[in-house]
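Student: Please take one part of this model and go through it closely, with the cut-offs behind each term. I want to see how it is packed and what it touches.

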Amino acid sequence: MDELLAEVLAEIEPHRGRGRVADYIPALARVDPNRFGIAFAGRDGMVHGAGDCDEPFSIQSISKVFMLQLALDKVGAKLWDKVGREPSGSAFNSIVQLESERGIPRNPLINAGAMVVTDHLIGNGTMGEALESLLGLLRAESRDERVHIDEEVAHSEARTGSRNRALAWFMKSFGTLSNDVETVLEGYFHQCAVAMSCRQLARAALFLAFDGRDPETGRQVTAWHRARRINSVMMLCGHYDNSGEFAFRVGLPGKSGVGGGILAIVPGEGAIAVWSPGLNAAGTSETGALALEMLVEKTRWSVF
Ligand code: DON
């Protein structure tokens with residue numbers, strides 16, 4: 001695996017710095033677009049990496065995957081009364097479908113759907129408790145207590161997040177959100193501001209590749225059917241209006257984040273995390289997606 005990752009690192013060299021760094025969140029606009037890291041966590045729990053694989057970055061929307069698992073574990077199938085599981089075919093922060101679909105977001109990976117998930121994880125408790133359960137999961141499964149929330153990124157987005165505020169208030173008007181809107185938004189901005197490296201992220205997501213079980217310790221992190229369903233939602237919705245393209249080119253359940261990270265799950269094999277800050281129009285890392293395509297070409301890891 002080390003050789004394969006080194007080959008990918010060498011092959012992406014001419015493509016470093018491609019795409020546009022997210023600039024609608026001021027704290028993310030300062031990140032060097034030439035950074036690139038990749039890591040793979042396998043069945044034995046070992047993590048292999050190349051490039052800037054130890055550098056923490058803002059995981060942004062990748063947090064939605066772990067929040068979905070935690071919320072489903074907490075409230076079960078009733079979550080699906082308030083959020084769908086169909087691809088949206090529109091941008092991650094689009095509001096258009098919400099009006100005609102009575103305030104029910106298409107899926108839990110677009111921003112509006114992720115806020116519904118956050119609302120359920122808060123439930124009757126506090127935003128702090130919901131964030132603690134996210135950090136607890138990520139620290140336990142990455143085997144690294146350094147995983148943290150970057151307060152500067154959270155505040156930067158809170159100051160500029162008018163679109164997300166509009167989505168949340170619009171859903172509130174339909175009765176989709178139970179908690180106070182500002183509390184849900186604060187929780188959402190903070191979950192997006194989790195900072196992790198490729199190594200930490202790949203290791204943390206390993207249970208999704210093994211039917212919800214950490215293959216190293218045998219701990220059942222979530223039910224087998226839940227892990228499979230989360231992977232199915234990632235496959236169909238993980239890259240918003242770029243999900244078809246990602247499935248076509250990479251063929252793995254994946255989740256992008258505007259920090260430039262992509263998490264991809266290889267069922268039965270392991271988890272891959274890649275980071276390169278330049279994004280395509282749908283908010284997926286350009287060089288990151290290319291690196292995944294190269295790795296899948298070498299390993300034949302597409303699920304198809
Ligand atoms: O809500 C936002 O706009 C960001 N915190 C997260 C968006 C995101 O990562 C989209 N994914 N590629």
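Tutor: A residue counts as buried if 20 or more other C-beta atoms lie within 10 Å of its own, as exposed if 12 or fewer do, and as partly exposed in between, with C-beta atoms placed from the backbone. By that count Arg 300 is exposed, because it has 7 C-beta neighbours inside 10 Å. This is a predicted model, in which local features need pLDDT of at least 70 and side-chain atom pairs count only at pLDDT 80 or more, while totals for chains, interfaces and linings use all residues. Residues are numbered from 1 along each chain as its sequence is written. Helices (H or I, at least four residues) and strands (E, at least two) are DSSP runs, numbered from the N terminus.

The part to look at is helix H5, residues 111-122. Its 12 residues reach 16 Å from the first C-alpha to the last, close to the 16 Å expected at 1.5 Å a residue; the expected span is 1.5 Å times one less than the number of residues. In H5, 12 of 12 residues are buried, including Asn 111, Met 115, Asp 119 and His 120. The cover over these buried residues includes helices H3 (63-75), H4 (96-100), H6 (127-142), H8 (162-174) and H9 (181-192), where contact means C-beta atoms, placed from the backbone, within 7 Å. Just after H5, Gly 123 has a positive phi of about 50°.

Asn 111 is among the residues surrounding the ligand, as are Gln 60, Phe 92, Glu 157 and Cys 192; each has its C-beta atom, placed from the backbone, within 6 Å of the ligand. Met 115 belongs to the largest nonpolar core, which has 98 residues, and is among the members touching the most others, along with Ile 38 and Leu 201. Such a core is a set of buried Ala, Val, Leu, Ile, Met, Phe, Trp, Tyr and Cys residues joined through C-beta atoms within 7 Å.

Conventions. Two residues are in contact if their C-beta atoms, placed from the backbone, lie within 7 Å.
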